[in-house]
Structures are given as C-alpha cells and as structure tokens.
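Please look over the structure below, and then read the briefing that follows, which is arranged by topic.

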Amino acid sequence: MASPSRRLQTKPVITCLKSVLLTYSLVFWVSGIVLLAVGVWGRVGLAVYFSLLDEQATNVPFVLVGAGTVVVLLGTFGCFATCRGSTWMLKLYAMLLSLIFLIVLVAAIVGFVFRHEIKANFETNLNLALKNYNTTVDQHSDAVDTIQRTLHCCGIQNYTDWEKTKYFAQRGIPQSCCKSQDDCPEGDLKDLSKAKLKVFVDGCFFLVTSKMESKMSVVAGISFGIACFQVLSTC
C-alpha cells in the first residue's frame with residue numbers, strides 16, 4: 001500500500017498529464033476545424049474550375065472535409081476520454097489518430113503528385129467546353145463565361161481559339177471576353193482584327209492552372225502540416 005506522501009506526489013503528476021492530454025485534444029479539435037474549413041474553401045474557391053474537371057480529379061477537397069469532420073469528432077472524443085481517465089478510450093483515440101493521419105497525408109500527396117494530370121484534364125475539358133459552347137443554360141458554358149470574366153482572359157491560349165468553334169460562326173467571340181460590355185458590338189466580335197481591340201487577348205489556360213496550383217498548394221501544405229502534427233503528437 002502506497003504511503004500518503006507517495007499518493008500526494010502522484011496526484012499532481014496525473015493531474016498534469018490530464019491537463020496536457022486535454023490541451024492536446026483541444027488543439028487537435030481546432031486543427032479539425034481548420035482542416036474542415038480548408039476543404040470547404042478549396043471546394044468553394046475552386047468550384048468553377050472543378051466544373052471543368054473529371055469527377056475523380058475533384059475528390060481531394062471532399063476528402064479534407066470528411067477528414068476534418070472526423071478529426072473534430074475525435075477531438076471531442078479525446079477530451080471526453082481524458083476527463084474520464086479511461087485507458088481503453090485513450091488507446092482507441094491513439095489508433096484512430098494514426099488512421100486519420102494516413103487519410104490526410106494521402107489526400108495531400110495525391111493533390112501534389114497528380115497536379116500535372118489535373119492540368120492536362122482541365123485543358124482537354126476546356127477545349128470541349130469551347131467546342132460545345134452555347135448561349136443556353138449549360139454548366140460548362142457558364143463556367144467558361146465566369147472564368148473569362150473573372151480572370152480577364154479569352155479562349156485557351158488566346159482569343160483566336162474561338163475562331164475554331166461553331167459558336168464563332170454564328171455569334172463571334174462570346175460577350176464574356178469583352179473588356180467593356182457597353183462597347184462590344186456583335187459585328188466586331190465576328191471580326192478577329194476588330195475584336196482584338198474589344199476583348200481580352202490572353203488565354204485562360206495558364207491563368208486558371210496558375211490559380212488552381214496556388215490554391216491547391218495552400219490546401220496541400222496545410223493538410224500536410226496538420227497530418228505531421230497529428231503523427232508527432234501520437235508518438
């Protein structure tokens with residue numbers, strides 16, 4: 001039987017350990033919120049670009065949202081397990097942390113490794129979107145218009161790409177390429193030499209891929225940082 005003095009020495013140590021674990025669980029919970037926010041931001045901020053990608057290329061933000069949600073739940077579970085002082089709960093908590101680390105790490109690596117395939121996929125689908133462009137309600141056509149308006153670009157490599165489309169033969173270059181909607185008559189848009197003075201001349205592909213890479217780099221960097229924090233904390 002432990003002496004009273006020994007128990008008095010042990011109690012502060014246990015209290016200290018519980019405080020450390022509780023603090024870690026709270027930090028882990030906050031990291032889950034950050035991961036969830038980054039996934040949502042990546043999905044919303046890149047939504048217009050993702051609409052021109054194949055479905056399998058758009059899954060990374062969903063993985064981050066899912067992982068962030070699970071991390072928040074695990075952080076809550078960790079706080080509960082620490083307060084209860086349950087050994088089996090804490091062991092389960094550690095094992096689940098390792099699983100979440102793998103999921104987040106894979107998401108970050110996939111986004112980084114396959115960035116070139118994503119660029120090639122985007123260029124192919126952007127080409128198709130231009131060929132099938134029309135004025136009716138169409139997701140891809142709307143995406144092209146949004147990209148051209150917001151990034152001040154036109155076509156894929158430059159504005160002359162529209163000359164190869166069916167839409168150009170009927171209506172010329174789309175209004176979304178115009179520098180000013182008040183000074184962009186349809187007649188000028190059917191003549192490339194006149195259109196050059198009225199529309200944005202730079203292509204959208206380079207601008208879009210640069211924007212996607214910068215945002216995906218942020219997503220991958222934060223995800224990798226959180227994943228490293230998680231695995232180091234479980235060691």
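Which residue forms a salt bridge with glutamate 186, and how far apart are the closest N and O atoms? The partner is arginine 171, and the closest N and O atoms of the pair are 3.3 Å apart; a salt bridge here is a side-chain nitrogen of Lys or Arg within 4 Å of a carboxyl oxygen of Asp or Glu.

This is a predicted model, in which local features need pLDDT of at least 70 and side-chain atom pairs count only at pLDDT 80 or more, while totals for chains, interfaces and linings use all residues. Residues are numbered from 1 along each chain as its sequence is written, and side-chain values use heavy atoms, with hydrogens and water left out.

**Overall architecture**

- The protein has 10 helices and 0 strands, where helices (H or I, at least four residues) and strands (E, at least two) are DSSP runs numbered from the N terminus.
- Of the 235 residues in the protein, 40% are buried; buried means under 20% relative accessible area, exposed means over 50%, and partly exposed lies in between, with a 1.4 Å probe and protein chains only.
- Among contacts (heavy atoms within 4.5 Å) between residues at least 6 apart in sequence, 70% join residues at least 24 apart.

**Salt bridges**

- The count of salt bridges comes to 4, and the pair of glutamate 186 and arginine 171 is one of them.
- Glutamate 186 lies in helix H8 (residues 186-189) and arginine 171 in helix H7 (residues 166-171), so this pair ties together parts that are 15 residues apart in sequence.
- Glutamate 186 is partly exposed at a relative accessible area of 34%, and arginine 171 also counts as partly exposed, at 34%.
- Glutamate 186 meets the side chain of lysine 190 as well, in a salt bridge of 3.6 Å from N to O, and lysine 190 is partly exposed with a relative accessible area of 39%.
- Lysine 198 lies in the loop between helix H9 (192-195) and helix H10 (205-234), and aspartate 183 in the loop between H7 and H8, so the pair ties together parts that are 15 residues apart in sequence.
- Lysine 198 counts as buried at 18% relative accessibility, whereas aspartate 183 is partly exposed at 42%.

- Trp29, Val30, Ile33 and Val34 make a nonpolar surface patch of about 310 Å²; patches are made of residues with over 30% relative accessible area and no salt bridge, with like charges joined within 9 Å and nonpolar side chains (Val, Leu, Ile, Met, Phe, Trp, Tyr) within 5 Å.
- Valine 30 lies in helix H1 (residues 4-45), and its relative accessible area of 44% makes it partly exposed.
- Valine 72 is placed in helix H3 (residues 60-84) and counts as buried, at 15% relative accessibility.
- Leaving aside residues up to four places away in sequence, valine 72 touches Trp29, Gly32 and Ile33.
- Valine 72 and serine 31 are 41 residues apart in sequence, yet their C-alpha atoms are 7.9 Å apart in space.

- The largest cavity holds about 30 Å³ of space; the volume is the space filled by probe spheres set on the grid points, which are joined across faces, edges and corners.
- Its lining consists of Leu126, Leu130, Val144, Ile147, Gln148, Gly155 and Cys204.
- Helix H5 (115-131) and helix H6 (139-151) are the elements that give two or more residues to this lining, and H6 supplies the largest share, 3 residues.

**A backbone detail**

- Histidine 152 is found in the loop between H6 and H7, where its phi is near 55°, a positive value in a residue other than glycine.
- Histidine 152 is partly exposed, with a relative accessible area of 48%.

Notes: Areas by Shrake-Rupley, 256 points an atom, 1.4 Å probe, with all protein chains shown as cover. 1 Å grid on protein atoms, 1.4 Å probe; cavity = no way out; pocket = protein on both sides within 12 Å on 5 of 7 lines; lining within 4 Å.
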